[in-house]
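Reader: I would like to learn how to read a protein model, one feature after another. Where do we start?

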Amino acid sequence: MPFVDLPPQLQERVVCSISAAVKYEVPANIILAVAEKEAGKPGQWVRNSNGTHDVGAMQFNTSYLRDLSRYGITADDVAAAGCYAFDLAAWRIRGHLKNDKGDLWTKAANYHSRTPRHNAVYRSDLRVKAAKWADWLEARFVTVDVTKAGAVRSLPVTAVSVQATRLSAVAAVETKPQARARETSGYVPRKIIRN
């Protein structure tokens, strides 16, 4: 087990979320927060009122799969166990972060909905979950605040897991200091990068 402090049913979610965040260069705590918020399971299909379905662990909406079908990506691929659903979700979140309008949290919440009232509810809960996951990541990985010139890497608050050490992952910050989002502290999103 890579993270002994997590229940077995969360192992795949956490490992796949971190891996997808690294691969698609998005804040790991946002991917972890979306994964927790969506709370899907492999094989799960949830019918929406608009006739689409949310599929798999990341509850990826089938409306996005219509465009992806030309690449051979199917709902069955997204519904399967494993990290593929997390990769696809991270790819989509990266697109929202790079291309959509609004602040970081509005863009990330576009994963769920661009409708302002639905986005606002999702965004509010996403921020709380992302803050929790940011603290969890910081306690397990060597971190560096890249917003500060000459920043020194700090050691985790608790012991780093064996798998985390093998990954040689570094959590880094991906916003400007003035764009900090957590109301209660100097929170900034964490981004896992490879050495």
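Author: Start with the order of elements: from the N terminus on, the protein chain runs α-α-β-β-β-α-α-α-α-α-β-α-β-β. Helices (H or I, at least four residues) and strands (E, at least two) are DSSP runs, numbered from the N terminus. The model is predicted, so local features need pLDDT of at least 70 and side-chain atom pairs count only at pLDDT 80 or more, while totals for chains, interfaces and linings use all residues. Residues are numbered from 1 along each chain as its sequence is written, and side-chain values use heavy atoms, with hydrogens and water left out.

Reader: How many helices and strands does the protein chain have?

Author: The protein chain has eight helices and six strands.

Reader: What share of the residues in the protein chain is buried?

Author: Buried means under 20% relative accessible area, exposed over 50%, and partly exposed in between (1.4 Å probe, protein chains only). Of the 195 residues in the protein chain, 47% are buried.

Reader: Which rings form an edge-to-face pair?

Author: A pair of aromatic rings is described by the distance of the centres and the angle of the planes. Rings of Phe, Tyr and Trp (its six-membered ring) pair if their centres lie within 6.5 Å; planes under 30 degrees apart count as stacked, over 60 as edge-to-face and the rest as tilted. A search of the whole structure finds two aromatic pairs. One of them is Trp133 with Trp136, edge-to-face at 5.3 Å centre to centre and 75 degrees between the planes.

Reader: Why are Trp133 and Trp136 separated by about one helical turn?

Author: An α-helix has 3.6 residues a turn, so residues three or four places apart point the same way. Trp133 and Trp136 are separated by about one helical turn because they are three residues apart in helix α7 (residues 116-140). Trp133 is buried at 5% relative accessibility, and Trp136 is buried at 11%.

Reader: Which rings does the charged end of Arg92 sit over?

Author: A charge sits over a ring if NZ of Lys or CZ of Arg is within 6 Å of the ring centre and within 35 degrees of the ring normal. The charged end of Arg92 sits over the ring of Tyr64, 3.6 Å from its centre, and over the ring of Tyr111, 4.1 Å from its centre.
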